[in-house]
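User: I've got a structure open and would like to go through it with you. Could you take my questions one at a time?

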Amino acid sequence: MAGLGHIEHDGTLHAKLAPKDVDSAPKEELCEFFSSQKFKKATNMVSNMNPSLGRKFFKRFQDCFRTNEFSKNVDKLGILACHVSNAPDLDPDLSQKLLSELDSCDDGNPKIKQMKKRLVKAVFSNATSIRGLHMLGKSLVFLTPSDLSNISKADLKDIITNLGSSVQWTRAQMRAIGKKLQDKKCNKRMSGKDLLALRSVAEGLPRCAFKHVKEILNDTEGMKNIAQRMRNGQRMAMLQELLGDVAPSLLVPKLSGPLLGSLPLNRLVEANFVSLDQVENKTWSRSQAAFLAKKILNGNKFWYRVKKLRSVMQGITCEMIDDVSDSDAGNMGQAVTEDPQWLSKCQAGCAARKLFASLEKERADYFKTITEEEMKTISTCLLLRLPPSKVKDLPDSVCPTLLDKIEEADLSSLPQRSPSRPAFTERALRCLANGTDLSMLTEEDVSRLGPFLCELSPAQLKPMRGPLMAPEVLKSSLRAMASCQQIPRRNVADLVQLVNETFGDPSNWSPETMEELGALVLLDDNKISTLPNKPWLKDVLYFLKSKLKHTSKALGKKIFDLTTTTSNAARKKRAAEQVTAEVIEELGMNNVYWPVKQLDGMSDQTFLATVETLGDVPDYNADQLAVLKSKTDKNLGPEITESEVKQLGCLTRGFSSEELETLPLSLETLEETANCGWNESQMESVWKGASKYNNLTAKQLKAADMVMLSRFICGLDSTEIRQLTIDTFKDAVGSVGSVACSYNKLQELKRLAVSAFGNPISWDEAQVSELGNIAAGLDATEFASLNSSVFSFISKPGIALIPPRIFASLNVDQLLSLGPDNAAMVTSGQQAEMTDEQLAALERAATGSIDQEQRTDHSGAPSMRVEGISAFMMPLLFLLMGLLLL
């Protein structure tokens, strides 16, 4: 068909089909194509279609049918259903058909969610029987909590059982379902079989619902599925229930997944495992892995058992790696990288150091004279840690193998600031360009850089001097870089400027260009704010956002502006009218950007309809909270119920200390609202309120209670922390250690940890990992007593919690042992207290530098700031060196 030549003979759509192809297709033939089964087959083979192409296709589809005919043909839409802008009002039967077409659409775009909700409402209004409800299938997730409460208990249980794990219910829905199916005090017995049937809504069930979990203990997969849908406190409650009846040695083999990962370290010690067969093929937490690695392997040729080890690899220490004999280093290097997801940056660096040292004992100039066969035997994961000087000296004869390895490389385990990154990038360019003549590079050459394409600096893409890349090669390189998940921060500003120079100002881009290159623009917050408020932009931003691992506040603000901006001048003057229930539901977390004046103008009806959505936002400012608090007082006060407190969520942060102490706060509510940005004074008030409401004292807290307190354990005073039961604390410490309290509170928790686990001088990697942030409560003397090997096992968030004066007491060996991830968490305040020698050690840890040439002598170690500048300038220095060789 003319214009649609990108449709293959088997009916599938070619990836390069563009809007212009759809434009050029004759209407008569295109309409015939839409009406045929071939179109549905073609589009169903496409998992995702760019918004611009989808809109164009959908418009042509609409043009083929009159309004009433279009409605009758919604079942032919296929993936085009994801690009319906305004679905007409449909009767329940047609609504059901369109819902089916929307099944494969990405719910990341709120427009799709809103459409599904509207269609579900139409179908639900007519679903008078259980059969009608079953027809909704996974779309039941778009019913409101109120709708779910109105379904009979028997029908609701039947529906949830049949849907199984295919539905991701919201917290509010699970609460509504849990309340309907099981009262808070569990007056009606819930069997293990019932638990399995209701696993998808486990989070909404009260703790007492897990009383009979032992009945399904032998159903390992079922237990795993239930635990995946539970809060941490519920998992601990389930474990405590099981441990009350079953010995750890019998229980642990039956556990898997998140339930196993929640098992306290001291209970694993009680299980007394002695052989690898008892622990293989399970997913252990890091603290559990560290314990098992030392107890069962004890460094005894662990690399031979890697395939059985799997997650236990997390617990292998650098000391174990260093103890490997030179003759075994090659086998070790291959083995530890067979399952790299369990290998940390620190472990990979240690394995590489050991391997390279052993190879250079065989031949001093090993990497200068390395052969292709020798290079093939080195895993890519470890090769990437080759020091820059040795990367530069790699012979040209190994370029084919080197490029193969670079093309397949996974850079996620290589430190962001590793000097090996620019070194390998430069060496790969030399391999491709036979020196430094970038003008000779083709698009195929550049594609061979693999993930190292993301490392290219703008100066390498378009140098100020010397030969330039061909214009089309530069353009294709930038297009490819738009798919990079991580681009060095130092390159961002110049890269966005280069994109601007090459493709023009983003303000003037077409939808197609924005889809193709917009991910690069989203790296620059200032550029995001200047993007024009064009009708198509919001869909494109949602499309780009779905492909990104990290998004900025600037993107959230832009989406907010696009959502709340209207072309109607009269409505602009009446800004408060923009705060509608539909807009609030669409914005989700972006509701944080509402101006106070507009929040104040929100109607009471809208507030009540959207209070749970508003309550999910954790970071309102004080003025916004004050306005929302007044709405709460007006609509829910003065006597707020426990159920209403759960609905309010993070909005309770706007209550005064006195009010917080009188709220009906269940422990479940505390766990759900722990991450709402509370300060310590508020946490103290919340704990006082919860302890009164639940009639609990610190001494009475069980392990599950401590876990459910989450961050609010920081609200206990010093006396109360000392009253916590030691054995109970040992069970809960893995969860307690994940919270961030003030240093004073961490000191109190540390004292409790000393009572539970002994003097810090005896703490091993497993215990330090289990204690998490509590280790940040150590004093200078206690830190000095810690073995260097445990420092890479300190929790990453815990590093920043160590006071600067105490962090500055760490010695060079301890700083070097932090590893790249922990070293990257050191704050500028901590650095300010450190000596030049300490800063040099910290820099080596952060960059993962393993070569001796990077050691600095004591007389003039460069500061962290100088080293940072050096890392920043390195790509440019490589380029200048290359130009001098021309």
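User: How many helices and strands does the protein have?

Analyst: First, a caveat: this is a predicted model, where local features need pLDDT of at least 70, side-chain atom pairs count only at pLDDT 80 or more, and totals for chains, interfaces and linings use all residues. Residues are numbered from 1 along each chain as its sequence is written, and side-chain values use heavy atoms, leaving out hydrogens and water. Helices (H or I, at least four residues) and strands (E, at least two) are DSSP runs, numbered from the N terminus. On that basis the count is 57 helices and zero strands.

User: What radius of gyration does the protein have, against that of a compact globule?

Analyst: The radius is taken over C-alpha atoms, and the globule rule is 2.2 Å times the number of residues to the power 0.38. For 886 residues that rule gives a value near 29 Å, and the protein agrees with it, at 30 Å.

User: Where does Pro467 lie?

Analyst: Look between α29 (458-461) and α30 (471-481). Met683 is 216 residues from Pro467 in sequence and 62 Å away in space, C-alpha to C-alpha. So, Pro467 lies in the loop between α29 and α30.

User: Is Pro467 buried, partly exposed or exposed?

Analyst: Buried means under 20% relative accessible area and exposed over 50%, with partly exposed in between (1.4 Å probe, protein chains only). Pro467 has 24%, so the label is partly exposed.

User: What share of the residues in the protein is buried?

Analyst: The share is taken over the 886 residues in the protein. Buried residues make up 55%.
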